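Hi,

Here's the structure I promised to pass on.

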Amino acid sequence: MSQTMLENESLSPYLSFTREEWAGLYSADIQPLTEWEVSELQGINENVSLNEVSSIYLPLCRLLNLYVTSSQQLHLQSNAFLRKQMKKPPFIIGIAGSVAVGKSTTSRIIQALLSRWPNTPKVELVTTDGFLYPNAVLEQKGLMGKKGFPESYDLKGLIQFLSQLKSGKPVVEAPIYSHLEYDILPDQVQTISEPDIVIVEGINVLQVPKQKRSKKQNTQIFVSDFFDFSLYVDADEEEIKQWYVDRFKILRNTAFQSPVSYFHRYADLNDEEAVEFALNIWNTINGLNLRENILPTKYRAHLILEKGKNHSVSGVKMRKM
Ligand SMILES: Nc1ncnc2c1ncn2[C@@H]1O[C@H](COP(=O)(O)OP(=O)(O)OP(=O)(O)O)[C@@H](O)[C@H]1O
Ligand SMILES: CC(C)(CO)[C@@H](O)C(=O)NCCC(=O)O
């Protein structure tokens, strides 16, 4: 998609909103956050400002609620037409974006807000990190320096998981990745039982396989085929790199102190060494992955959240549906 097309709204497939325009669509004056929600949201991430929640995430969740409600109504009407009594499979929301752009935080805010609506009390959150191959497999394949790249994921397993969810299977299991241990946790699974909405968050959720498709693969299914709505969290790489380094420094003082942490050996790095180490990981792995495999998927999303300094959303693009 060319830049001119995106700047000229009548040519672009997206509608663009400034922060102020977006915030005005559904303000906290109309639907104030309850005290419980405020404390819940502060527990999610103490750095997230409540102004950000009411200006950006509340209108976003109201919009998502419109989509969910309309899909629930359509399901009832289809059931009546088809003379079936099928249970509605969950509404699935995909959230994409770079490492450290704030996908997990965004997902947790959306999860907390969406569950306030009476027609969707059960909102589950799954990260595609769980579908990374275990370190032992990555080592065997020579992919330890490529963690997060498309080839480091068990894509078949992820597709199978999504397919089970959409089939209406009442209980579905996903593998779990531990950032602390930097590996898949053997013998542990996340169990998802009869959800109304599932948020699937990960750097790879809008990717399509790169290799040329043979005739046999023509029926290939993509992860995004299972999404009812998708979001891309966007920011300039310079900002994201800084967030990555900042998070690395915080982890050095917290999680890395634990002897079970994969990065425990780096717990005693001084500030300068920690920055150098984090920048090296960024430049050789995550930044490369962003440019090669993640950023190119941005315009597959229904909605793009554009973040500026301090994670503050400066604008929103919404696909004309
Ligand atoms: N809205 C926000 N306001 C303030 N800080 C935020 C916000 N979103 C994320 N952060 C901070 O930015 C950093 C990255 O956020 P997060 O861990 O959610 O990113 P991520 O995209 O899920 O990363 P990864 O792909 O590595 O799991 C964290 O230190 C987090 O505290
Ligand atoms: C697990 C992923 C791939 C995605 O969340 C990422 O956080 C990661 O671990 N990337 C590999 C390089 C690094 O350690 O940051």
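**Around ligand 1**

Ligand 1 has 16 residues around it, and the ones that come nearest are Gly102, Lys103, Ser104, Thr105 and His311. Two elements give two or more residues to that shell: helix H5 (103–114) and helix H8 (237–253). H5 gives the most, with 3 residues. By class, the shell around ligand 1 splits into 6 nonpolar, 7 polar and 3 charged residues. Keep in mind as you go that this is a predicted model.

**Around ligand 2**

For ligand 2, the residues around it are Val99, Asp129, Lys147, Gly148, Ile203, Ile281, Ile285 and Asn286. That shell has 4 nonpolar, 2 polar and 2 charged residues.

**H8 against H9**

H8 turns up again here, paired with helix H9 (residues 271–294): their axes come within 9 Å and cross at roughly 135 degrees. An angle over 145 would count as roughly antiparallel and 65 to 115 as roughly perpendicular, so H8 and H9 are oblique to each other. The crossing of the two is right-handed.

Which residues meet there? From H8 you have Glu237, Lys241, Tyr244, Val245, Phe248, Lys249 and Arg252. On the H9 side they meet Asp271, Ala274, Val275, Ala278, Leu279, Trp282, Asn286, Gly287 and Leu290. Taken together, the residues of this contact divide into 9 nonpolar, 2 polar and 5 charged.

Cheers

Technical notes. Residues numbered from 1 in each chain as written. Chains lettered and ligands numbered in written order. Predicted model: local features only at pLDDT ≥ 70, side-chain atom pairs only at ≥ 80, totals over all residues. Near = placed C-beta within 6 Å. Helix = DSSP H or I, 4+ residues; strand = E, 2+ residues; numbered from the N terminus. Nonpolar A, V, L, I, M, F, W, Y, C, P; charged D, E, K, R; others polar. Axes fitted to C-alpha atoms, helices over the stretch in contact; angles between N-to-C directions. Parallel < 35°, antiparallel > 145°, perpendicular 65-115°, else oblique. Left-handed = near helix turned anticlockwise from the far one by under 90°. Contact = placed C-beta atoms within 7 Å.
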